[in-house]
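Please follow the explanation below with the sequence and the model side by side.

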Amino acid sequence: MRQRQTILGVETPGPGLTEITHEIADWIADTGISDGLLTVLCRHTSASLTINENAAPAVRRDIVRWLDRIAPESAAYEHDDEGPDDMPAHLKAALTGVNLSIPVLGGKPLLGTWQGVFLVEHRARPHRREIALHLLGE
C-alpha cells in the first residue's frame with residue numbers, strides 16, 4: 001500500500017462552483033497509484049466541496065441560488081466578524097460539506113459520466129483556497 005498527499009491551490013472568482021476535476025485527475029495520474037481511495041478536504045470554513053453535474057452550467061447557478069435562499073445574508077446572525085456574508089458562508093459549508101471520498105481505478109477518479117468535483121465558494125469576494133488531497137492505494 002502506498003500513499004501520496006498534496007495541497008491544491010484554487011483561485012475562486014467569488015460565489016459559485018469552480019470545477020477542480022481535471023486538476024485532481026492530473027495529480028492522481030502523476031502519483032503512479034493505479035487503484036485506491038482519494039480523500040479530498042477543503043481546508044476552510046466558508047467554502048465547501050461537492051460532486052455534481054459538470055455538463056449544464058445552469059445546475060451550478062441553481063445550486064448557488066438555492067443555497068442563498070437556505071442561508072441568506074441577514075442582520076439576525078450574531079456572528080458577523082468578517083461581514084454580512086460571513087455566517088451564511090459557514091452555514092452553506094456546513095450544509096454541503098468539506099470532504100469527499102472518491103474511488104480511484106486505473107489511475108483515474110471513478111466518477112460518473114456527468115460528474116465533476118467542485119469547490120464551492122460561499123464568500124462574496126474572490127479567495128485563494130487550499131484543497132488537501134490524500135491518495136491511498138497500489
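Which residues are exposed on the other side of H1? Before that is answered, a word on conventions: this is a predicted model, in which local features need pLDDT of at least 70 and side-chain atom pairs count only at pLDDT 80 or more, while totals for chains, interfaces and linings use all residues. Residues are numbered from 1 along each chain as its sequence is written, and side-chain values use heavy atoms, with hydrogens and water left out. Helices (H or I, at least four residues) and strands (E, at least two) are DSSP runs, numbered from the N terminus.

On the other side of H1, the exposed residues are His22, Asp26 and Asp30, where exposed stands for over 50% relative accessible area, buried for under 20%, and partly exposed for what lies in between (1.4 Å probe, protein chains only). The buried residues of this helix are Thr21, Ile24, Trp27, Ile28 and Thr31. After H1 comes Gly32, with a positive phi near 80°.

Helix H1 (residues 21-31) lies across E1, E3, E5, E6 and strand E8 (127-137), and runs at about 155° to E1; axes here are lines fitted to C-alpha atoms, for helices over the stretch in contact, and angles run from 0 to 180 degrees between N-to-C directions. These five strands form an open sheet in the order E1-E8-E3-E5-E6, with antiparallel pairing, where two strands pair if DSSP finds at least two bridges between them. Strand E1 (2-12) and strand E6 (108-109) stand at the edges with a single partner strand each, so one side of each has no neighbour in the sheet. Within the sheet, strand E3 (residues 36-42) and strand E5 (residues 99-105) run antiparallel and are joined by six bridges, and Leu41 has Asn99 in E5 as its bridge partner.

Strand E5 also holds Leu100, which is buried, with a relative accessible area of 15%. Leaving aside neighbours within four places in sequence, Leu100 is in contact (heavy atoms within 4.5 Å) with Leu38, Thr39, Val40, Leu49, Thr50, Ile51 and Val117.

Helix H3 (residues 86-96) has Asp86, Pro88, Ala89, Lys92 and Ala93 buried. They fall on the same side of H3 because they cover an arc of only 160° around the axis, whereas Ala94 and Leu95 are exposed on the other side. The buried residues of H3 pack against strand E4 (47-53) and helix H2 (57-70). The axes of H2 and H3 come within 10 Å and cross at roughly 115°, with Leu67, Asp68 and Ile70 in H2 meeting Lys92, Leu95 and Thr96 in H3.

Phe118 and Gly16 are 102 residues apart in sequence and 9.3 Å apart in space, C-alpha to C-alpha. Not counting residues up to four places away in sequence, Phe118 touches several residues, among them Leu17, Ile20, Leu49 and Arg60.

Methods
Arc of directions from axis to C-beta.
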